[in-house]
Amino acid sequence: MAYQYIVGGVIASLLGFVFWYNSLVRELKKTRTSSMEFPVENRVKKTGNGEVAGAIDVIIVGAGVAGAALAYTLGKDGRRVHVIERELNEPDRIAGEGLLPGGYVKLTELGLEDCVAGIDAQRILGYDLYKDGKSTKISFPLEKFQSHVAGRTFHNGRFVQKLREKAASLPNVNLEQGTVTSLLEENGTILGVHYKNKSGQELTASAPLTIVCDGGFSNLRRSLCYRKVDIPSYFVGLVLENCKLPHANYGAIILEDPSPILFYPISSTEIRCLVDVPSQKLPSVSGGEMAHFLKTVIAPKIPPELYTAFISAVEKQNNIRTMANRTMPAAPLPTPGALLMGDAFNMRHPITGGGMTVALSDVVVIRDLLRPLHNLGNASAVCRYLESFYTLRKPMASTINTLADTLHKVFSASSDPAMEQMQQACFGYLSLGGIFSNGLSSLLSGLYPRPSSLAFHFFAMAVYGVGRLLLPFPSPNRIWTGAKLIWVASGILFPLIKSEGVRQMFFPLTVPAYYRAPPL
């Protein structure tokens with residue numbers, strides 16, 4: 001065990017610099033963020049038919065988590081908002097069921113914390129990790145926060161409906177069911193949208209700013225970003241009943257071949273199971289191959305407390321659902337009059353459940369950027385000013401994105417011995433406790449989003465893995481495997497950092513857009 005203390009000493013000696021740099025960025029960001037309130041005299045009321053009277057300030061396409069939260073936030077600040085959502089009935093999805101503690105803090109900042117009340121949401125304090133018959137507990141660092149701060153898991157549809165109800169309750173927010181067919185563009189500036197309302201009537205809505213957040217299947221993002229969508233795997237979803245997780249208020253992650261398995265409660269009586277399956281190996285549900293795969297390959301890896309309920313859920317054929325896990329780096333095309341956000345703009349692997357946390361963090365950034373602007377009419381000036389959004393969002397977004405995609409790549413099945421050593425190093429590093437597991441859990445929770453800390457801990461994990469191999473007696477084969485482990489770690493992390501943007505991720509103070517002042 002001596003190598004653990006040797007590696008630990010080296011790691012601890014470097015933490016001071018990382019914390020100092022992060023504190024500098026946070027202090028400068030505080031001075032960058034405005035707290036100006038939009039003028040109360042601009043607030044408007046709805047007409048008798050529920051539409052907002054007067055000209056619209058902002059059109060929001062999509063009323064999912066990002067769209068509904070943004071509509072409420074801008075409406076509360078006095079903006080006249082028109083939200084157009086394709087389907088206003090309660091969604092039924094196996095995604096968007098987990099809110100990290102950092103996401104809950106953002107929800108509170110937006111005044112939307114009551115949206116997790118009355119939907120049987122469950123508190124999550126961390127996760128139990130299982131691998132090769134061993135287990136370790138990862139707890140979120142909640143000690144410095146109020147008692148109500150924790151992760152939340154729930155039925156996605158119930159949460160979304162609460163957000164929509166909150167937004168629609170404001171007199172200056174008009175929530176309408178309709179399908180946006182295209183953006184209204186003139187001379188390179190977006191002036192609004194063309195859409196069909198619920199009765200099929202073709203209409204046009206105009207506003208100085210259109211914010212597109214219509215989800216991962218967006219048909220409007222093609223002119224607003226560089227699209228590079230990848231599907232590394234699928235989630236196979238089941239609902240388990242009449243069972244309990246090994247530890248109350250803790251989810252469970254099984255890190256086994258061929259892929260990770262997640263468990264978390266979505267109500268007081270239901271537990272969601274998500275099995276990650278590589279895209280090229282997805283069995284057929286209708287033909288019965290999926291049920292056979294789950295019973296023969298996955299079931300033996302399930303903890304005893306959940307085994308019987310898992311088998312029962314598999315035998316209910318209509319209980320098995322699949323979902324493509326999409327990833328897409330944020331690569332915006334700044335366009336006057338329009339802004340892209342949510343899953344339409346940026347997606348990461350959902351293994352860490354960070355999507356809603358990133359979305360709510362982005363809403364907070366947009367709110368703070370728009371508050372000083374009394375008039376959105378100068379589309380070019382507003383567009384140039386809002387370019388700072390892409391840098392200001394990076395601490396949370398790049399940390400959650402990179403961590404999620406990195407963990408999925410590390411724990412996906414591989415025949416490479418170096419990758420197996422990387423998996424063992426990751427699990428062993430988290431099992432050390434102290435600054436090692438706390439450092440990663442603080443990043444995973446979304447409470448302390450620091451890209452530099454993420455890179456530090458990832459390579460510290462790789463160094464720990466090399467130490468496991470070389471101590472106490474190195475051999476040529478072990479040295480070669482250790483070198484490959486470092487190479488594998490670099491091959492995982494560096495492309496993800498490149499896609500996020502090195503300057504924006506690690507050196508945001510060097511990006512000119514970071515200092516953009518509100519246009520006069």
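Strands β3 and β7 (residues 151–153) pair in the antiparallel sense, with 2 bridges between them. This is a predicted model.

**The open sheet**

- G98 sits opposite T153 in β7.
- The open sheet holds 3 strands, in the order β3-β7-β4, and its pairing is antiparallel.
- β3 (98–99) and β4 (122–124) are the edge strands. Each has a single partner strand, so one side of each has no neighbour in the sheet.

- β2 and β8 run parallel and are joined by 5 bridges.
- I84 stands opposite E176 in β8.
- β8 also pairs with strand β9 (residues 189–197), this time in the antiparallel sense, over 8 bridges.
- L184 has G192 in β9 as its bridge partner.
- β8 and β9 form a hairpin with 2 residues between the strands. N187 in this hairpin takes a positive phi near 55°.
- In a regular strand, side chains alternate between the two faces of the sheet.

**Helix α2**

- Helix α2 covers residues 65–76. At 1.5 Å a residue, its 12 residues should span 16 Å.
- Of the 12 residues of α2, 11 are buried, so the helix is largely enclosed by the rest of the structure.
- Among the buried residues of α2 are V65, L70, Y72 and L74.
- What do the buried residues of α2 pack against? Their partners are the strands β1 (58–61), β2 (81–85), β8 (173–186) and β11 (209–212), and the helices α4 (156–168) and α7 (355–370).
- Just after α2 comes G78, which takes a positive phi of about 100°.

**Helix α11**

- Helix α11 covers residues 417–431. Its 15 residues should span 21 Å at 1.5 Å a residue, and its end C-alpha atoms are 21 Å apart, which agrees.
- α11 is mostly covered, with 11 of its 15 residues buried.
- The buried residues of α11 include M419, M422, F427 and Y429. Q423 and Q424 are buried as well.
- D416 caps the N-terminal end of α11. A side-chain oxygen of D416 lies 2.9 Å from the backbone nitrogen of A418.
- Just after α11, G433 takes a positive phi of about 75°.

**The nonpolar cores**

- In soluble globular proteins, nonpolar side chains tend to be buried together.
- The largest nonpolar core has 128 residues. Which of them touch the most other members? They are F159, V193 and M422.
- Leaving aside neighbours within four places in sequence, M422 is in contact with V410, F458, M461, A462, L485 and A489.
- Another core, of 28 residues, lies apart from the largest one. A252, I261, I271 and V314 are among its members.

**Histidine H408**

- H408 is in helix α10 (residues 394–411).
- Is H408 buried or exposed? H408 has a relative accessible area of 7%, and buried means under 20%, so H408 is buried.
- The side chain of H408 makes a polar contact with the side chain of D276, at 2.8 Å.
- H408 also touches P232, S233, H349 and I351, not counting residues up to four places away in sequence.

Notes
Residues numbered from 1 in each chain as written. Predicted model: local features only at pLDDT ≥ 70, side-chain atom pairs only at ≥ 80, totals over all residues. Heavy atoms only, no water. Helix = DSSP H or I, 4+ residues; strand = E, 2+ residues; numbered from the N terminus. Buried < 20%, exposed > 50% of the residue type's maximum accessible area, 1.4 Å probe, protein only. Polar contact = N/O pair within 3.5 Å; in protein donor to acceptor, adjacent residues only side chain to side chain. Contact = heavy atoms within 4.5 Å. Core = buried A, V, L, I, M, F, W, Y, C linked by side-chain atoms within 4.5 Å. Expected span 1.5 Å × (residues − 1). Pairing = 2+ DSSP bridges.
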